[in-house]
Amino acid sequence: MTSKGLKVPDDITVPFITGDGIGKEIMPVCKAVVDAAVKQAYNGNRSIEWLEVMAGQEAFKQNGAYLPDETIAAFREYLVGLKGPLKTPSGRGVRSLSIMLRQALDLYACQRPFRYFYGVTSPVKYPDRINLCVFRESTEDVYAGIEWPFGSEKGKRFGEFLLGELKEEKVRFPESTAFGVKPISREGTERIIRCAIDYALSHNRRSVTLVHNGNIMKYTEGAFVNWAYDMAEREYGTYLSSGRLVLSGITCDAFLQSAILHPEEYGVIVTSNLNGDYISDVFAAQVGGVGMSPGGNINYETGHAIFEATHGVASDIVGRNVANPCSLILAACMMLEYLGWKEAADLIVTAIERTLRQGITTADIADSFKHGNCVGTKEFGDALVNMMTSGTRVIR
Ligand code: IPM
Ligand code: MG
């Protein structure tokens with residue numbers, strides 16, 4: 001989905017974080033594939049200048065900071081960037097760098113499209129029924145990080161306030177409880193719902209499904225649902241009454257079952273942060289795993305966006321040239337679409353479709369192929385470039 005109002009020059013600078021672990025293997029492959037697609041799609045009239053910015057282990061080694069200020073500043077300045085996987089630094093109180101980045105730039109819409117590529121191994125019978133996009137709010141909820149270690153000063157004071165002043169009696173073991181807070185706001189809810197609905201309208205989808213736990217957490221998840229319906233009535237009333245748009249709600253437990261039994265019933269899903277984390281992986285598992293699933297973290301008002309591989313650093317396979325670069329490459333396709341460079345994105349997606357159809361895959365998704373041709377990370381990238389530039393079948 002293109003960001004409205006974004007003015008994109010023909011030659012752009014894209015800051016990128018290589019990432020930890022397999023990031024070093026998949027990022028160069030991804031850049032090569034994107035460069036080839038842009039060149040091919042626009043005959044050399046458009047180009048990307050890649051600007052490496054540091055984060056993660058490498059950044060820590062070089063300047064003692066996992067997420068240097070200059071990195072955030074670069075994403076702020078250039079608006080749109082790409083990111084490989086980052087290892088969450090070990091140690092108490094150190095937060096996930098991915099979450100820090102989302103919060104620093106207020107990238108509230110965590111957008112994850114899921115589709116099936118023919119031939120990829122899947123644990124379900126009809127993975128091709130999955131073709132949908134999840135919108136996960138990603139600045140609020142229990143994920144916002146408002147919680148305190150048991151025994152800490154703030155933790156104690158919060159407990160005293162809750163049990164004392166508020167006379168809350170539902171804490172089962174008041175002497176030994178750690179606390180966290182779940183913030184859900186009307187603004188936060190409305191902006192993510194707007195994204196989901198705009199996406200549905202611009203992608204010819206009719207149904208937007210609100211996934212929530214509003215039956216139990218009435219004043220947070222329940223408020224999310226109420227604010228969503230109110231806003232939709234106010235701002236999209238004509239689409240709702242004409243039937244062009246159908247907004248419905250389902251509780252998360254029932255949805256997770258339905259996501260496996262009837263995924264074809266869903267087009268656009270919108271949900272709060274924690275539910276969104278679970279839901280994303282449930283769909284990823286069905287289409288080949290997180291290795292096949294891209295993500296975008298976007299603020300549609302400011303235009304800031306960071307597209308990312310949704311998997312981790314995969315320490316067990318580092319340095320072996322076996323990692324699947326598709327999550328990152330598909331994230332780069334989301335980035336190209338966001339920039340309005342859809343032709344280049346389409347070229348890559350078609351190349352992935354054709355390459356996988358020929359049974360050329362990385363090891364993680366290979367075993368379902370009868371005549372599979374398992375290749376390395378770099379060779380998979382070469383096959384994609386070959387497919388795009390030759391415009392014909394790759395002969396191996
Ligand atoms: C994801 C990941 C992250 C998240 C972790 C690594 C913080 O699981 O992007 O889904 O939960 O957002
Ligand atoms: Mg996750």
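Me: Is Asn204 buried or exposed?
Reply: In this predicted model, Asn204 lies in the loop between α6 (186-202) and β6 (207-212). A residue counts as exposed when its relative accessible area is over 50%. The relative accessible area of Asn204 is 68%, so Asn204 is exposed.

Me: What is the phi of Asn204?
Reply: Asn204 is not a glycine, yet its phi is positive. The value is about 60°.

Me: Where does Asp141 lie?
Reply: Asp141 is a residue other than glycine with a positive phi, near 75°. Its relative accessible area is 1%, and Asp141 is therefore buried. Its place is the loop between β5 (131-137) and α5 (153-165).

Me: How many disulfides does the structure hold?
Reply: A disulfide requires two cysteine sulfur atoms within 2.5 Å. Cys110 is in no disulfide, as the nearest cysteine sulfur, in Cys133, is 9.6 Å away. For the structure as a whole, the number of disulfides is zero.

Me: Why is the sulfur of Cys374 too far from the closest cysteine sulfur for a bond?
Reply: The cut-off for a disulfide is a pair of cysteine sulfur atoms within 2.5 Å. The closest cysteine sulfur to that of Cys374 belongs to Cys326. A bond is ruled out because the distance between these sulfur atoms is 12 Å.

Me: Which term, buried, partly exposed or exposed, applies to Cys374?
Reply: Buried means under 20% relative accessible area and exposed means over 50%, with partly exposed in between. Cys110, at 1% relative accessibility, counts as buried. Cys374 has a relative accessibility of 46%, so the term is partly exposed.

Terms used. Residues are numbered from 1 along each chain as its sequence is written. Chains are lettered from A and ligands numbered from 1 in the order in which they are written. This is a predicted model: local features need pLDDT of at least 70, side-chain atom pairs count only at pLDDT 80 or more; totals for chains, interfaces and linings use all residues. Side-chain values use heavy atoms; hydrogens and water are left out. Buried means under 20% relative accessible area, exposed over 50%, partly exposed in between (1.4 Å probe, protein chains only). Helices (H or I, at least four residues) and strands (E, at least two) are DSSP runs, numbered from the N terminus.
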